[in-house]
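Please look at the sequence and the coordinates before reading on.

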Amino acid sequence: MGVFDDGCGECCSSWKDFCWCLLCIAILLAIALIVVLVVAFGFVVQPSITVDDASLTRLALAATPTTALAYNLSLALTFRNRNWAMSMKNVEPLEAAYRFDGQQFDRIQLADKGAKQGPKKTVVYRLSSGSDAAAAPGLGNAGVAEFKKENATGTFEVEVGVTGKVSYTARITKCKIEATCKLKLQLAPPGQEPVAVVFQKVKCKLAKAEKNC
C-alpha cells in the first residue's frame, strides 16, 4: 500500500504540474494575441503618397475674359497603405487638385467612394489631363506676374493636393487624407526646342493626423 500511495502521489503531482504548465502557456498565448491585436488594429499608420513621374508639355495663360490656364499634365501618383493588418476604404472620393501659385486650376478624381485598398498594398494612379482654358480666377495680377517669371525660365512650380477620407478595418474613426506634392516641372523656354527631362521622385507631405488617426 505504501508503494501504491507513493506512486499515486507522484502521478497526481506530475498531473498538477502539467496542468499548471498548460495554464501558463494559455496565459502567455492570450497575452501574445492581445499584443498582436493592439499592434495590428490599435494604431493607424498614415499612407505613403509619392509622385514617381510627371511631365508637363504645356502651361500657358489662356485668352479668356477671366484668368485661365491652358495645360497638359501627366503624372504617376503612388498611394501605399502602410498598415500591415488593416484595409482602407474610401468614405469620400479620393481626389487630386492641381494648383499654380497656390490657386487651384483643375481637380481630378483618383478613386470613387467605396474603393478599397488592402493592407500593405500599393496603387499607382496614372493621370493624364489637360485643358485649353482651366479657370484659375484666384491667380489675379500677382499670379499672372509669377507665371511670367517662371515662364521665362521654363521651370514651373506646380502643386498636387491629394484629399480624401477613409475608414480602417475594425475602427470606427473616419480619417482625413490631406497631402501636398510640390513639383518642379520643366518646359523649354520660349523660342527653344523641347528638352529631355529626368523627373526626380517627390514624396508628398501629409497633414498632421487627427486624433485616433
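The sections below cover the fold, the cavity, a pocket and selected residues.

## Model and fold

The model is predicted. Its protein chain contains two helices and 10 strands, and in sequence order these follow the pattern α-β-β-β-β-β-β-α-β-β-β-β. Of the contacts in the chain with a separation of 6 or more, 73% are between residues 24 or more positions apart.

The protein chain has 213 residues, and 32% of them count as buried. Its accessible surface is about 13,100 Å², with 58% of that area belonging to carbon and sulfur atoms.

## The cavity

Rolling a probe the size of a water molecule over the atoms shows where empty space is left. In this structure there is one cavity of 30 Å³ or more. The largest cavity has a volume of about 80 Å³. Two elements, E7 and E8, each give two or more residues to its lining, and E8 gives the most, with three residues.

The lining of the largest cavity is made up of Val 44, Gln 46, Pro 47, Val 166, Tyr 168, Cys 175, Lys 176, Ile 177, Leu 206, Ala 209, Glu 210 and Cys 213. By class, nine of these lining residues are nonpolar, one is polar and two are charged.

## The second largest pocket

The second largest pocket holds about 180 Å³ of space. Its lining consists of Arg 99, Phe 100, Asp 101, Gly 102, Glu 146, Glu 150, Glu 157, Val 158, Glu 159, Lys 182, Leu 183 and Lys 184. The lining residues divide into eight charged, three nonpolar and one polar.

Four elements each supply at least two residues of this lining: strand E3 (88-100), helix H2 (140-153), strand E7 (155-168) and strand E8 (174-186). Strands E7 and E8 also contribute two or more residues to the lining of the largest cavity.

## Two residues with positive phi

Most residues other than glycine have a negative phi. Asp 101 is not a glycine, yet its phi is positive, at about 55°. Asp 101 is one of the residues lining the second largest pocket, and its place in the chain is the loop between E3 and E4. Its relative accessibility is 39%, so Asp 101 counts as partly exposed.

Lys 120 is another residue other than glycine with a positive phi, in this case near 60°. Lys 120 sits in the loop between strand E5 (116-117) and strand E6 (122-135). Because its relative accessible area is 42%, Lys 120 is classed as partly exposed.

## Two buried residues with polar contacts

Thr 78 belongs to strand E2 (residues 68-80). With a relative accessible area of 10%, under the 20% cut-off, Thr 78 is therefore buried. The side chains of Thr 78 and Asp 52 are joined by a polar contact of 2.6 Å. Leaving aside residues up to four places away in sequence, Thr 78 touches Ser 48, Ile 49, Thr 50, Asp 52, Thr 122, Val 123 and Val 124.

Ser 129 lies in strand E6. Its relative accessible area is 16%, so Ser 129 is buried as well. A polar contact of 3.1 Å links the side chains of Ser 129 and Tyr 71. With residues up to four places away in sequence not counted, Ser 129 is in contact with Tyr 71, Asn 72, Leu 73, Tyr 98 and Ile 108.

## Gln 104

Is Gln 104 buried or partly exposed? Its relative accessible area is 41%, so Gln 104 is partly exposed. Gln 104 is part of strand E4 (residues 103-111).

Not counting residues up to four places away in sequence, Gln 104 touches Ala 97, Tyr 98, Arg 99, Ala 135 and Ala 136. Among these, Arg 99 is also a lining residue of the second largest pocket, and Tyr 98 is also touched by Ser 129. Gln 104 and Pro 137 are 33 residues apart along the chain, and their C-alpha atoms are separated by 8.9 Å.

How values were computed. Residues numbered from 1 in each chain as written. Predicted model: local features only at pLDDT ≥ 70, side-chain atom pairs only at ≥ 80, totals over all residues. Heavy atoms only, no water. 1 Å grid on protein atoms, 1.4 Å probe; cavity = no way out; pocket = protein on both sides within 12 Å on 5 of 7 lines; lining within 4 Å. Points joined across faces, edges and corners; volume = space filled by probe spheres on them. Nonpolar A, V, L, I, M, F, W, Y, C, P; charged D, E, K, R; others polar. Buried < 20%, exposed > 50% of the residue type's maximum accessible area, 1.4 Å probe, protein only. Contact = heavy atoms within 4.5 Å. Areas by Shrake-Rupley, 256 points an atom, 1.4 Å probe, with all protein chains shown as cover. Polar contact = N/O pair within 3.5 Å; in protein donor to acceptor, adjacent residues only side chain to side chain.
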